[in-house]
Amino acid sequence: AVVSTQSGHYGRGLGFGSLLLLSGKIHFGAIYGVALIGAASMYTLLNLMSVNGVSASITVSVLGYCMLPMCALAAISALLSLKGLFGVILSILTVSWAAFASSKLFVSVLAMYDQQPLVAYPCALMYGIFAVLTVF
């Protein structure tokens with residue numbers, strides 16, 4: 001049985017927003033709005049793609065726990081400017097890391113081993129929005 005917790009992903013979202021606040025960016029509403037729409041979209045997409053289906057709590061937990069690279073990017077942005085080439089490369093790496101981790105978890109839970117790129121793409125789009133919020 002797959003068990004999901006409901007506190008870690010909220011903490012990651014709050015931590016992400018707090019780290020952005022250190023950079024002078026107040027995006028709490030945008031963070032939770034993107035997270036809500038992204039989780040609902042991923043829930044719908046995963047249930048359409050898989051035979052077994054997935055619960056909303058597992059979807060939210062996986063997406064929330066895989067926000068850790070985005071939190072690291074936000075922490076770095078509090079110390080350094082990410083508006084140059086370094087920021088672009090670092091953003092691409094963190095979005096790739098978060099998308100790969102979340103898609104790997106979804107694929108292993110739902111036994112969709114041949115469909116990881118199809119799952120990773122919408123994850124990368126969602127985490128890419130968080131990276132844009134971090135850089136700009």
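Modeller: A note before we start: contact here means heavy atoms within 4.5 Å. The model is a predicted one.

Colleague: Understood. What covers the buried residues of helix 2?

Modeller: The cover includes helix 1 (8-22), helix 3 (56-65), helix 5 (85-110) and helix 6 (116-135).

Colleague: Which residues of helix 2 are buried?

Modeller: They are Ile-31, Val-34, Gly-38, Ala-39, Met-42 and Leu-46. Viewed down the axis of helix 2, these buried residues fall within an arc of 130°, so they line one face of the helix.

Colleague: And which residues are exposed on the other side of helix 2?

Modeller: Gly-29, Leu-36, Ile-37 and Leu-48 are exposed there.

Colleague: Turning to helix 6, at roughly what angle do the axes of helix 2 and helix 6 cross?

Modeller: They cross at roughly 175° and come within 10 Å. Helix 2 is therefore roughly antiparallel to helix 6. Among the residues making the contact are Ala-30, Ala-35 and Met-49 of helix 2, with Leu-118, Cys-123 and Phe-130 of helix 6.

Colleague: How many residues of that contact are nonpolar, polar or charged?

Modeller: The contact of helix 2 with helix 6 has 17 nonpolar residues, 1 polar and no charged.

Colleague: Leaving aside neighbours within four places in sequence, what is Tyr-43 in contact with?

Modeller: With that exclusion, Tyr-43 is in contact with Val-54, Ser-55, Ala-56 and Thr-59. The C-alpha atoms of Tyr-43 and Ile-58 are separated by 9.0 Å, the two residues being 15 residues apart along the chain.

Conventions: Residues are numbered from 1 along each chain as its sequence is written. This is a predicted model: local features need pLDDT of at least 70, side-chain atom pairs count only at pLDDT 80 or more; totals for chains, interfaces and linings use all residues. Side-chain values use heavy atoms; hydrogens and water are left out. Buried means under 20% relative accessible area, exposed over 50%, partly exposed in between (1.4 Å probe, protein chains only). Helices (H or I, at least four residues) and strands (E, at least two) are DSSP runs, numbered from the N terminus. The arc is that of the directions from the helix axis to the C-beta atoms. Axes are lines fitted to C-alpha atoms, for helices over the stretch in contact, and angles run from 0 to 180 degrees between N-to-C directions. Angles under 35 degrees count as roughly parallel, over 145 as roughly antiparallel, 65 to 115 as roughly perpendicular and the rest as oblique. Ala, Val, Leu, Ile, Met, Phe, Trp, Tyr, Cys and Pro count as nonpolar, Asp, Glu, Lys and Arg as charged, and the others, Gly among them, as polar.
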